[in-house]
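Open the structure in your viewer and keep the selection tool at hand. We will go stop by stop.

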Number of protein chains: 2
Amino acid sequence: MPPRPLPPPRVVRGGAPDAAVVAGAKNARIVLTTDALVEGVHFDWAFSTAGDVGHKALAVNLSDLAAMGAEPSWALLSLALPGATAVDTVDALVDGLVEVATANRVALVGGNLTRSPGPLVVDVTAVGTVEPRRILTRDGGRPGDTLYVSGTIGAARAGLEMLKAGVANQPCVDRHRRPIARVRLGYAIARGRAARAAMDLSDGLADAVHQMAEASGCGAEIDASTLPVDACARQWWEARNTDPIVAALSGGDDYELLIAVPARWRGRLRHVRTRVAHPPLTRIGVLTKNRRERVLVRDGRRADLPAGFEHW
Amino acid sequence: MPPRPLPPPRVVRGGAPDAAVVAGAKNARIVLTTDALVEGVHFDWAFSTAGDVGHKALAVNLSDLAAMGAEPSWALLSLALPGATAVDTVDALVDGLVEVATANRVALVGGNLTRSPGPLVVDVTAVGTVEPRRILTRDGGRPGDTLYVSGTIGAARAGLEMLKAGVANQPCVDRHRRPIARVRLGYAIARGRAARAAMDLSDGLADAVHQMAEASGCGAEIDASTLPVDACARQWWEARNTDPIVAALSGGDDYELLIAVPARWRGRLRHVRTRVAHPPLTRIGVLTKNRRERVLVRDGRRADLPAGFEHW
């Protein structure tokens with residue numbers, strides 16, 4: 001069992017049955033985000049342990065903060081539990097969450113426990129801080145900005161397909177069960193003013209490109225040959241006659257970052273990469289002037305960029 | 001339809017699909033709380049409209065902040081919706097929530113929407129601020145402190161009983177459907193340093209007395225003759241040969257405040273009451289030295305204080 005984190009000094013009163021009291025840093029903006037995992041919608045007990053669910057419930061929220069360039073500080077956990085839930089299950093879920101919290105210096109400062117006559121619902125609110133002029137949003141991109149993506153794409157989707165096919169012990173499966181939020185990278189990019197727009201890939205890269213282009217009033221052109229499709233996922237899809245590019249682009253649950261960087265800020269980005277070398281960043285395309293244009297260039301041909309993953 | 005609130009100036013970026021960004025007041029502590037309403041556990045569509053559910057989902061969270069003496073500022077809403085939920089239902093729920101937000105100068109700054117294969121789950125996180133030395137908690141009481149309760153008790157429980165019996169149009173029914181959080185009172189008590197401990201009555205007065213005494217390392221003695229049992233509830237129970245004192249003490253969903261006030265602070269409390277006259281405060285008992293003692297004095301006889309309402 002991982003150790004419970006010591007509350008950082010900014011927690012004035014945590015863990016009490018009253019609401020949590022925390023001290024914000026001077027002049028910092030407070031960033032608030034909430035995201036839920038629902039049994040049967042976002043996870044399946046056949047494929048995830050309680051520890052996996054706790055891990056993911058916090059990671060997806062930290063990913064939202066990372067995309068804003070915020071430093072995460074506090075989290076609240078609200079659980080709606082089916083009557084038959086074993087205490088061990090709740091403990092394992094909380095342990096999985098606390099493990100991610102500890103690794104990211106986040107204090108679990110409060111929560112709520114209630115009964116659910118239906119599925120398990122894990123609702124997490126994460127709170128972070130960011131300096132006012134360092135906030136990253138999805139709408140700051142401009143035509144000509146270069147698009148970069150962190151890490152690899154497609155692994156989580158391939159991992160879920162593997163689990164459904166009864167194949168385990170693959171790196172992809174871990175990416176589905178225990179995604180890593182790019183907290184340090186997002187924070188470093190914001191501090192170094194190295195990107196004009198950012199967002200995370202919770203619904204896949206294609207969706208993120210569409211969203212960022214739409215919010216920024218731009219078009220986008222992606223070069224298929226550059227896409228960092230996860231090697232394990234590529235192998236899996238190629239063996240099944242599935243197009244790895246399309247599958248990886250439209251796969252959900254990649255919690256990587258997409259950023260838009262103007263040419264003259266590349267020095268700043270290089271500087272950030274000297275401090276945060278992992279995950280790598282890959283140049284995948286550009287934002288363009290024509291806001292109706294969302295293009296995937298492949299073998300010299302221009303096609304429509306696929307849509308993203310839809311939860312509904 | 002009530003008007004959507006204008007975001008207060010402290011909301012830097014609200015309503016964007018990114019996380020919300022807010023600016024905390026200088027030197028203020030941030031108070032975070034989360035509470036959920038689950039269909040079939042906390043509400044029943046036979047007795048509550050979607051607007052009622054939205055109202056209550058925020059009110060119960062604001063009540064937690066009021067008990068800490070915090071001024072509420074922001075809220076996040078996370079909804080897990082059954083597939084068959086009509087858009088009108090979601091709109092009405094959000095409108096009910098926004099109405100309470102507006103009345104309390106709270107900005108709804110973010111949220112999350114997901115599908116539920118089971119019941120509707122409404123999860124709200126409320127965030128407020130409080131000056132460091134003004135925070136109220138349940139554990140500050142000392143032997144000899146006088147206990148006061150705001151408003152009346154028992155109405156919400158009686159209201160639910162009336163709904164189940166098919167009786168409507170009673171003030172009690174409104175207290176069940178649309179509880180009022182004592183936001184201004186809690187904030188005024190904290191600012192005026194008029195109480196040493198406080199908590200809200202979400203699980204009834206008896207439960208709150210037990211919790212405050214336990215946390216403060218005290219006993220408690222309550223005088224039954226002073227209890228402000230709601231008149232409508234009392235009439236309902238008397239007509240049904242139910243003991244109104246026991247029913248009101250152990251009824252849940254009263255969102256009044258219980259406070260502990262040392263004798264020499266009564267001047268401060270009077271001062272608070274000149275500024276916040278409603279709801280009234282009633283003196284109901286004292287905290288005592290013997291921490292094992294939880295007494296209800298009735299007609300000169302001393303009996304054990306009943307337990308509180310249990311959701312599980």
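Where in chain A is the place of P279(A)? Select it and look at what flanks it. P279(A) sits in the loop between α9 (266-275) and β11 (281-288) of chain A. Keep in mind throughout that this is a predicted model.

**Stop 1: the cis peptide bonds**

A cis peptide bond joins H278(A) and P279(A), with omega at about -5°. Now go to chain B. There, H278(B) and P279(B) are joined by a cis peptide bond, with omega at about -5°. P279(B) lies in the loop between α9 (266-275) and β11 (281-288) of chain B.

**Stop 2: the two chains together**

Zoom out and show both chains. Chain A can be laid on chain B by a turn of 180° and a shift of 0.0 Å along the axis, and the RMSD is 0.0 Å. The two copies are thus related as by a two-fold rotation axis. Which residue of chain A comes closest to that axis? Select G118(A): its C-alpha is 2.2 Å from the rotation axis, the closest approach in chain A.

**Stop 3: the interface**

Stay with both chains and select the residues in contact across the boundary. Chain A brings 51 residues to the contact, and chain B brings 51 residues. Of the interface residues of chain A, 100% are also interface residues in chain B, so the copies meet through the same surface.

How much area is buried between chain A and chain B? The figure is about 4300 Å², and carbon and sulfur atoms give 65% of it. Across this interface there are zero salt bridges by the rule used. The polar contacts come to seven residue pairs, both residues at pLDDT 80 or more.

Now colour the strands of chain A.

**Stop 4: a serine in helix α1**

Select S63(A). Helix α1 (residues 50-67) of chain A holds this residue. Is S63(A) buried or exposed? S63(A) is buried, at a relative accessible area of 1%. Next, show D200(A). The side chains of S63(A) and D200(A) make a polar contact at 2.6 Å. Beyond its neighbours within four places in sequence, S63(A) is in contact with A181(A), D200(A) and Y255(A).

**Stop 5: salt bridges**

Over all chains, the count comes to 29 salt bridges by this rule. Start with R178(A) and D52(A). They form a salt bridge, and their closest N and O atoms are 2.7 Å apart. The pair links distant parts of the chain: R178(A) is in the loop between α4 (171-177) and α5 (183-191), D52(A) is in helix α1, and they are 126 residues apart. R178(A) is partly exposed, at 27% relative accessibility, whereas D52(A) is buried, at 6%.

Move to E131(A) and R191(A). Their side chains meet in a salt bridge at 3.9 Å, N to O. E131(A) is in the loop between β6 and β7 (146-150), and R191(A) is in helix α5, 60 residues apart. E131(A) is partly exposed at 41%, and R191(A) is partly exposed at 44%.

Switch to chain B. E221(B) forms a salt bridge with R302(B), with the closest N and O atoms 3.1 Å apart. E221(B) is in strand β9 (residues 219-223), R302(B) is in strand β13 (residues 301-304), and 81 residues separate them. E221(B) is partly exposed, at 25% relative accessibility.

**Stop 6: two positive phi angles**

Return to chain A and select N241(A). Its phi is near 55°, a positive value in a residue other than glycine. N241(A) is in the loop between α7 (231-238) and α8 (244-250). N241(A) is exposed, with a relative accessible area of 78%.

Finish at D253(A). D253(A) is not a glycine, yet has a positive phi of about 70°. The loop between α8 and β10 (257-261) of chain A holds D253(A). D253(A) is buried, with a relative accessible area of 15%.

Conventions
Residues are numbered from 1 along each chain as its sequence is written. Chains are lettered from A and ligands numbered from 1 in the order in which they are written. Side-chain values use heavy atoms; hydrogens and water are left out. Copies are superposed by least squares on the C-alpha atoms of residues with pLDDT of at least 70 in both. Contact means heavy atoms within 4.5 Å. Helices (H or I, at least four residues) and strands (E, at least two) are DSSP runs, numbered from the N terminus. Buried means under 20% relative accessible area, exposed over 50%, partly exposed in between (1.4 Å probe, protein chains only). A polar contact is a pair of N or O atoms within 3.5 Å; within protein, one must be able to donate a hydrogen and the other to accept it, and residues adjacent in sequence count only if both atoms are side-chain atoms. Buried area is the accessible area (1.4 Å probe) that two parts lose on being put together, summed over both. A salt bridge is a side-chain nitrogen of Lys or Arg within 4 Å of a carboxyl oxygen of Asp or Glu.
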